[in-house]
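This is a short briefing for a reader new to the structure. Please look over the sequence and the model before reading on.

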Amino acid sequence: MASRIELENKPFLQLILILCLCLISVILFSIIGGLLTVVIYGFDLSGINNYGDPNVIEGLKLFQLFSAIGLFIVPPLVYGIISSKKTLEVLSLNSLNKPINYMLIFLLMIISTPFISWIIELNANMVLPNFLSGIEQWMRASENQAEELTKAFLTFNGFGSLFYILIIVAVVPALGEELLFRGVLQKIFISWTKNAHLGIWITAIFFSALHLQFFGFFPRLLLGLLFGYIFWWSKSLWLPIVGHFINNGSVVIASYFYPDSIKEADISIFKESEYSLVFYILSLVISAVLFYLIRRNNKKELITKQKENSTAV
């Protein structure tokens, strides 16, 4: 196996390593999750699409939990252990950020919701050329199936199930996806391309594409860019993790307290309002200001640290 020094200087080997770890880990954890699903819920593959059966839904939740842990959480942690003695540092988990920045990212995720919902609507209404109509029908069928599964996942049996679903839908994806995409892959692509912007964009494209939801590609791309730049400026993975958790967790909490909202087909919050465009523009402008403030705060903090280090030397 290549030494840690060789890995640090060879992004191609780093990429091969993390991809191999992802493949091995997701297969192993999927097998474990599948066996537990069969044992606990008597899972039958012939009824896997029967979302009206509570056992099927609970089995899919358990399988999703194990698969996500195997794909997103375990590989980056193992990668960090292999590539450096300072695992938390190599994954950028060793330092927190100023409280003001957590408040700013909370406001950013909430205030950007109208604008993001508008992008979701535009993406969902995308129409491919006629010669690609067959592909579009397949894409929409896949999208509808994913939507039905999401609705089935967001069903609750008391307050305890809220925390369980939060773990599956918000905690594990926020921690795991940020570890893999920002904590590992973004660094690899930036090192490989020698360009921060290019590395962030490549990572965001992979981040969105991996979800395999074609009519949600562009809003996820925007989120990937948002988290990517915030991580690049802050050098701390905790800010994008918190932002990711707020983005996913708000959907779960809204579905718990307002169950009818998940059944609503209209995904654009202000679609029926005559002032909808005003809301979207305000959302974009205020979000841009918050985004700038996060960048400015972290730039100041970086300059301060550099001055402290030069003084210490």
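Predicted model: local features only at pLDDT ≥ 70, side-chain atom pairs only at ≥ 80, totals over all residues.

Residues are numbered from 1 along each chain as its sequence is written, and side-chain values use heavy atoms, with hydrogens and water left out.

**Helices α2 and α8**

- Helix α2 (residues 11-41) packs against helix α8 (residues 159-193) at an angle of about 155°, and their axes are 9 Å apart.
- That angle makes α2 roughly antiparallel to α8 (the term applies to angles over 145 degrees).
- From α2, Pro11, Phe12, Gln14, Leu15, Ile18 and Cys22 meet residues of α8, including Leu180, Val184 and Trp192; contact means heavy atoms within 4.5 Å.
- The residues of this contact of α2 with α8 comprise 11 nonpolar, 2 polar and no charged.

**Aromatic rings**

- The whole structure holds 13 aromatic pairs, counted where ring centres lie within 6.5 Å.
- Phenylalanine 181 and phenylalanine 207 have ring centres 5.3 Å apart and planes at 80°, so the pair is edge-to-face (planes over 60 degrees apart).
- Phenylalanine 181 lies in helix α8 and phenylalanine 207 in helix α9 (residues 196-210), 26 residues apart, so this pair links distant parts of the chain.
- Phenylalanine 181 counts as buried at 3% relative accessibility (buried means under 20% relative accessible area, with a 1.4 Å probe and protein chains only).
- Phenylalanine 207 also counts as buried, at 3%.
- Ring pairs join Phe156, Phe159, Phe163, Tyr256 and Phe257 into a cluster.

Conventions:
Axes fitted to C-alpha atoms, helices over the stretch in contact; angles between N-to-C directions. Helix = DSSP H or I, 4+ residues; strand = E, 2+ residues; numbered from the N terminus. Parallel < 35°, antiparallel > 145°, perpendicular 65-115°, else oblique. Nonpolar A, V, L, I, M, F, W, Y, C, P; charged D, E, K, R; others polar. Phe/Tyr/Trp six-rings, centres within 6.5 Å; stacked < 30°, edge-to-face > 60°. Buried < 20%, exposed > 50% of the residue type's maximum accessible area, 1.4 Å probe, protein only.
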